[in-house]
Amino acid sequence: MPIIDYDEARRVLNETFSETLQQCSHTTIQLLERYEDALDIVFESKTQSYREVLLGCALVHIINPTVNIRLPYVKQGPAAFNGRTLDEQVINPFLMSKQIPCSKGPYLATFRRNVRLDESTRSGLRDQHGYDAMLVIMSAIEVADSEDDKKAFLSCLLKRFIILREKSNIQLAGIARMSVEQYQVFLNTLLHNQSGGLLPMLVTIAVFQTINDQYSCGWEINYQGINAADGATGAPGDITIFSNGQIVKAIEVTERPINETRVVTTFNTKIAISDVKDYLFVYTATAPEEGAYSAAKVYFAQGYDINFIKLSNFVLSAFIAGNVETRQRFTNHMLTLLRQDSVPAAVKTAWNDSLQEVIGA
């Protein structure tokens, strides 16, 4: 019987998923365009097993191409594989960990025992249309011989699972109680996730909302979408705080480097035009260059405060200045923001995964 390395299967699946997640919104795999109709049928089918079988077959074809993906029971011959073990140890745990809608039990439970995944099985199935589409894609997987083509099929299927997850309702995990030290680990884990800048933005909004509540500041906190052009909206920053109709502070949340040119440009196009006396750059990675601080000093002499702070330090400072209630307020604000329909499922899942990693540590 061909050997399936389940540890390698898990590695390949998770690695490909991460790559696909980053490319999902803008990548089209030309090789698979001819199978789009069949994929639509499979992923719209009420029989979840069909798409889970395909994921297992595409993965096995990468791990060990000598396997006959039509034979998922070991007694079916020397080229067969153990489909149930693959599902129990790799496929189902993966789908559940990524909070993707999936079967509760083994996907082979849909079929009779010792099933051959070919036309001979069709007559005994309820959704024969979905099964026919599954066989079309299986045939394409079988003939993929280059590593790139094999990976393309796996990536394409994962892309469809990601889209499926986006349509589902991700339940967000709450936090009963975490220490400041635990929160530090949690934030570092959470902000490490790729989100196109959304997670840093939401965390920054939540901490200002927390401060507003905790100290009864009476602020009105306005914010705009990620990557929205400030010039088009007239907003001086990603987040703008008002008090009695007057700007108290404008904040720019950034994952990009901050240098002198950026500070000067921001001053000319946002700060000076809106006469923002207090402007804050919240950054997530590399500290601002020395030139950025020098430019800020020049504008300070002209009556404008321009400051810089690392996001994780900002949040932890608010926690240290407050108490347990402060952390709970922050959590509640984050959950409210994350529940917005505009927040992708991947970002909600990142919250749950990061929380589980800290609690399970």
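**Aromatic rings in this model**

Ring pairs tie Y183, F186, F319, F330 and W351 together into a cluster. Keep in mind that this is a predicted model. Across the structure, the count of aromatic pairs comes to 18.

**The F111 and Y131 pair**

- F111 and Y131 make a tilted aromatic pair, with 6.2 Å from centre to centre and 55 degrees between the planes.
- This pair links distant parts of the chain, as its two residues are 20 residues apart.
- F111 lies in the loop between α4 (83-97) and α5 (128-143), while Y131 belongs to helix α5 itself.
- F111 has a relative accessible area of 7%, so it counts as buried, the cut-off being under 20%.
- Y131 is buried too, because its relative accessible area is 0%.

**The F186 and W351 pair**

- F186 and W351 have ring centres 5.0 Å apart and planes at 90 degrees, which means the pair is edge-to-face; that label applies to angles over 60 degrees.
- Here, too, distant parts of the chain are linked: F186 comes from helix α7 (residues 180-191) and W351 from helix α14 (residues 345-359), 165 residues apart.
- Both F186 and W351 are buried.
- F186 and W351 are also among the members of the ring cluster, along with Y183, F319 and F330.

**A charge over a ring**

- K277 places its charged end over the ring of Y304, 4.4 Å from the ring's centre.

Notes
Residues numbered from 1 in each chain as written. Predicted model: local features only at pLDDT ≥ 70, side-chain atom pairs only at ≥ 80, totals over all residues. Heavy atoms only, no water. Phe/Tyr/Trp six-rings, centres within 6.5 Å; stacked < 30°, edge-to-face > 60°. Helix = DSSP H or I, 4+ residues; strand = E, 2+ residues; numbered from the N terminus. Buried < 20%, exposed > 50% of the residue type's maximum accessible area, 1.4 Å probe, protein only. Lys NZ or Arg CZ within 6 Å of the ring centre and 35° of its normal.
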